[in-house]
Amino acid sequence: MSQPITINVNGKDHAVEADPDSMLLYALRDDLKLHGPKFGCGLSQCGACTVIIDGAATRSCVTPLASVEGTRITTLEGLGTLEKPHPLQQAFIDEQAVQCGYCINGMIMTAKAFLDGNPQPTRDDIKQALNDNLCRCGTHMRIVRAVERAAKTGQAQAGQAKGG
Amino acid sequence: MNTRPEDLHDNDRHETGTLPLSRRNFLKGTAGLVVAFAIVDPTAAIAAAETAADSVGSPDSGKLYAWLAIRPDNTATLFTGKVETGTGVETALAQIAAEELEFPINRLDVVMGTTSQTVDQGPTYGSMAVRYAGPQIRHAAAAARKALLDLAAARFKLPAQQLEAKEGVVSIIGTSGKSVTFGELVAGKRLDIAIEASGSGFGLKVAPDAPVKDPSTYAVVGQPVRRKDIPGKVTGQFTYIQDVRVDGMLHGRVVRPYGVGAKLESVDETGLKDIPGFVQVVRSGNFLGVVAETEWAAIQAAEKLGSGLDPEGPQAGQAKWSDWQGLPEQDAVWDTLKKTTGTNNSVAAKGSVDLALPFAAKTIQATYKTPFQMHGSIGPSCAIADVKADSATFWAGTQMPHQMRADMAEMLGIPEDRIDVKWFEASGAYGRNGLEHVIPDAALMSKAVGRPVRVQWMRWDEHGWEPKGPPILQELTGALDKDGNVVAWRHHMWVPTTGDTRLIAVELAGLPQIGSEGTGDSAIGYAYTFDNADVACHGMGRVGLLTAWLRSPAQFETTYAMEAFIDEMAAAAGQDPLSFRLRSLDDKRAIDVLRAAAEAYGWDSRPSPAPQQDGKLAKGRGIAWVNRDDVRVATIADVMVDRDSGAISVKRVVVAHDCGLVVNPDGLSNQIEGNVIQSLSRTLHEEVTFDRAHVTSRDWEGYPILRFEEIPDTIDIVLVNNRPEYPSYGGGEPSTCPTAAVISNAVYDAIGVRLRQTPFRPDRVKAAMSRTG
């Protein structure tokens, strides 16, 4: 039954009143009014609902609210903004790697967690990392290129940071 | 002209029902400067001024304000009845308008679909938005440019011929002094200027005498302008229909019958009231839904009644259904098609196949089978309805908002001009999926509870109940003379309706039917010049499951059979499959794309199959082409076939594409890549499964689609006849068509085995290999 639960999303604590067995996705979308994470299947099969919890790409459609108290949750909105997109978001813009875009939240969030752990991936690494995320428009070629571009940008920035 | 404007749009966020479209914020960055500004929404004001106080009818297509609004700050809005479905038409249509209006595209916004704000330009389907709405918008924008020049002429007291419009500013030709912006000329008024308009929908003619530009001077059309929607989509700032929230809104879920035609016998509501936030069950005939304060509560309630991934039987949930078992056997569906009566349409009847056959040196026959397939949108269908006694508002992602307004007027008995369908983009639909059907679902629930209700289908509702692309049976006979010339060609297809527009909720509730069943379409783009040819379509109504149009309706399948069978003929004649086709074609644009693809690929002339290859992996190449509504596409692919597992991997794809003048080459490339990958998925993986009661492929495990590890290494695209003297035909779907034939032909080239039934799953490849020996 409903009870107050505090979740930390994009660096801020939010109090929500919900069934602790209900899934995180609905709190993010219906209570916090976020648009990034999407309902796709509710079965952890497509990846549209992906968020990052304590560094790990996680399917919020099957993550009970009770299990995320005390964790740090990042959504697509927490990466960057329209004015200042995250390098991954900018790479998707630069590659025009969107058709309908419904799956793109999952692509970017999965790629973010992946690149954080593997900043110099091969193309095959990227394909493998995204293999459980479904895209129906067939934007795959561009999505792979966008993640490659973001990885290169990240390496260039890391190189600059080292050099400076 | 800067062809890569860095505009960032914040799509409208309808967070409340009381302040729809009250503000439109957008951010614009130019020359390193980011300027944020808000403008008073033009659309609400225009709609209000345009129509009677209680009417939300569409604007008059014979007024300029129906198409364009220009504000004092020199920003503008294009209004179009077309909608964005992920294909980039928003940007393409904006390019066409900006070009003719002589207006900077990064200051031009687009309002799409909403019935109270846009003219009905026909549904957004069939790869026809740019082709048909493009000229309508082009002429309206040209008429607006002329009107603005006339206004400037009056202001400057000079003949309009001495003025020129550029980048939203009118100046005097040959001088650098006096100028005036469009915004200053319009001075905050709406463009209440009459233009000629006749006809409707696709046939609407707008301002036919407007002074449109010479296409050879185009500066915006033809450029890879960045899509307007992408920045919002990658930052979570975009509002999809699934994101819309309305004040006072409740959440609904449908509970569909266990069997497609089952009757609802009883509903046991025990325990529903214990779910916090549960509101009520909505029942009307066999239509069943639940409404709750929260999405989670609606899901819990629907589950109790029997909604779920794997329902155990018609009586297993608290809603009890009759034991309906009326679907055909899945494996017998093609026999069922052949036995079902319907219409007969001749596509080509030339000479006499029957008279030619006895004299042939070689005759071959083949049967091609393709299954029910689904649109498979990643986001399930969603709509909000707010139905009142004498008016209704819908928020919907349909590809045909104006038609849905008419359908809902009929269903609810409310005049059309008291119904507004507010359109928001949905997850890509690729045809008629559940987005139309979820509207009456929401309407019935809202009407029952007297509040706005948002209905989103669950994954199993979408997979189980979205209208499917129909299964098709095709039988072909071909005959060769001793020199390898085709002397007879017969191609017959049996296809259920691709256009059943009857609404699920209306059928379930037993209301007077809206829409029609439609008939299977002859989608064979036959273009060969054989002396004796008999090409025909046997079309029928609904067979088993509800069917409607799915990307390149039926022509994906007919191109498969036609272009794989011509390959069979070429192989039987021992000839190179490209030369064999070219010898029997006189369609110059077809020949052009075939040659362009072959050149880009590096095609060397030889018959299939390729010389014997040893080892586990065999490489092959395949070619096919299509004429899809005046667009010509030729595709070539390399595949690798694993003889042990039967797995096919696609390595390289080359597409030569002629859709005439291309509005946005990068947008077109995005579409072609998408068509190739989606059709590869349909070729290799996709088949709807069903038992006698219902669809059993109710999630992504039951209905797998192509994944990242299976994508080709490269998709190379060659644009053919992308020149100003050609019209823009539209590239949303033609490049879907050749794929299954290309892969079938490439597999034959690799291992000498012909695949005549999609999908080409490894087990089916192995079975075909063992049959061939």
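Q: What makes the open sheet of chain B one of mixed pairing and seven strands, and in which order do they lie?
A: The order is β14-β15-β12-β22-β19-β20-β21 (chain B), an open sheet with mixed pairing, where strands (E, at least two residues) are DSSP runs numbered from the N terminus, as are helices (H or I, at least four), and two strands pair if DSSP finds at least two bridges between them. The model is predicted: local features need pLDDT of at least 70, side-chain atom pairs count only at pLDDT 80 or more, and totals for chains, interfaces and linings use all residues. Residues are numbered from 1 along each chain as its sequence is written, while chains are lettered from A and ligands numbered from 1 in the order in which they are written.

Q: Why are β14 and β21 of chain B called edge strands?
A: β14 (278-284) and β21 (419-423) of chain B each pair on one side only.

Q: How do you know that β19 and β20 of chain B pair?
A: Five bridges join β19 (residues 382-387) to the antiparallel β20 (residues 392-396) of chain B, and Ala385(B) has Phe394(B) as its bridge partner in β20(B).

Q: Why are α16(B) and α17(B) called oblique to each other?
A: Their axes, lines fitted to C-alpha atoms over the stretch in contact, with angles running from 0 to 180 degrees between N-to-C directions, cross at roughly 60 degrees and come within 9 Å. Angles under 35 degrees count as roughly parallel, over 145 as roughly antiparallel, 65 to 115 as roughly perpendicular and the rest as oblique, so α16(B) and α17(B) are oblique.
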